[in-house]
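Please look over the protein below and read the report that follows beside it.

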Amino acid sequence: MPVSADGDFQELLAMARGFQPAKMLMTAVNLAVFDFLEEPRSAVEAASWLKANDRATGIFLNGLAALGLLVKEVDYFRNSAIASRYLVRGKDEYRGAIIKHMEHTWDRGWNDLQNTVLLGRPTEADPEKWVDKKTERDEKEVRAFICGMDAIARDLAPKVSAVLDLKKVSRLLDLGGGPATYAIAFAQANPHLQATVFDLPRPIIIAQEQIAKHRLTGRIATLAGNFLEDDIGSGYDFIWVSQILHSHDEKQCHLIIGKCVHALNLGGTLAIQDFYLNKDGASPLGPAMFGVHMLAVTPRGRAYTWGEVAEWMAQAGLSPAEHIRYDQGEASFLTAKKQ
Ligand SMILES: C[S@@+](CC[C@H](N)C(=O)[O-])C[C@H]1O[C@@H](n2cnc3c(N)ncnc32)[C@H](O)[C@@H]1O
């Protein structure tokens, strides 16, 4: 949360300590503490299950209770409702992947923010090999990232689907579709629709797993490749590009938009979702923070204003873009037609 302009020192102190709850949540998810605390357990029982130190476990569980993640009754700890719903592995609503991914972005970028600000990009990131670098990552990291995208998109995709009229769309491309969450929601809501999810080779395996889980293998195809270099197909009536532009520089954004326009049928629609900034570049809070996140974890990314992206779409020959804010949240999308 931002500090108030005339606030006192306590607000600054709270901001400086802001990493503490985040790190506790990440540690608890990594240790799978919540799997064990569906039933009330003592700290000693938890320490034995975790193969951890008794004293440290007791202190840690008390801290998690103070944060509302656990409920403590006498000397027994159990999951609070929110932890039980989202943080227990094997449950349908489990969303631990995005929390693990957040920790990976600390290790791979945020921890080095000072150097990044001085140098202009993360020291580890080679802009020319960025995509390769990502595919070289540990399998667990790729899975946490892609399943983490699903953890976020799961709430948004049905809302997007509700405001999009895809009745006349036969062929849809979900470019950089990751876990296919949007393609799945669109296909479920529009039984006539055939979709293609395009992504890098490792994420596409996760997309295939998700598509199979939802029994949509006959209606959602997958294409593995690099959208900056490879053919993305053609003959689409609708192309959905969600949370892609922010990890690319302007030149790459123009390339991606141009390829989409080329791949669309006449009269087809390009929709680009992102965490768009307002014209001032410093609001809303979420997209402004997301811009720093991209600075910290990518060599060329940043958040863009919706006006910038609308202009790029027009420059690529599309009709004037419509900006659709479908939610109270901070993701929104632009749509424009190929004419
Ligand atoms: C932030 S995720 C967004 C996933 C999904 N569109 C969503 O909104 O939930 C970005 C996706 O783009 C994919 N991606 C990034 N660079 C790519 C490239 N050069 N070619 C193909 N896919 C790429 C990543 O693998 C990832 O799945």
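Which residue with a positive phi follows α5? That residue is Gly68, with a phi near 85°. The model is a predicted one, in which local features need pLDDT of at least 70 and side-chain atom pairs count only at pLDDT 80 or more, while totals for chains, interfaces and linings use all residues. Residues are numbered from 1 along each chain as its sequence is written.

The protein is divided into domain 1 (9-94) and domain 2 (103-337), bounds that come from an automatic or database domain assignment. The C-alpha centres of domain 1 and domain 2 lie 33 Å apart.

Helix α5 covers residues 54-66; helices (H or I, at least four residues) and strands (E, at least two) are DSSP runs, numbered from the N terminus. At 1.5 Å a residue, its 13 residues should span 18 Å, and the end C-alpha atoms are 18 Å apart, which agrees; the expected span is 1.5 Å times one less than the number of residues. Thr57, Phe60, Leu61 and Leu64 of α5 are buried, a residue being buried if 20 or more other C-beta atoms, placed from the backbone, lie within 10 Å of its own, exposed if 12 or fewer, and partly exposed in between. Seen down the axis of α5, the buried residues fall within an arc of 100°, so they line one face of the helix; the arc is that of the directions from the helix axis to the C-beta atoms. The face turned away from the buried side of α5 carries the exposed residues Arg55, Ile59 and Ala66.

Most residues other than glycine have a negative phi, and most peptide bonds are trans. Ala32 and Ala180 each have a positive phi although neither is a glycine.

The peptide bond from Ser283 to Pro284 is cis, with omega near -5°, and Pro284 is placed in the loop between β8 (264-274) and α14 (285-297).

Another proline, Pro201, is found in helix α12 (residues 201-213) and is exposed, because 10 other C-beta atoms lie within 10 Å. Although Pro201 and Gly225 are 24 residues apart along the chain, their C-alpha atoms are separated by 6.3 Å.
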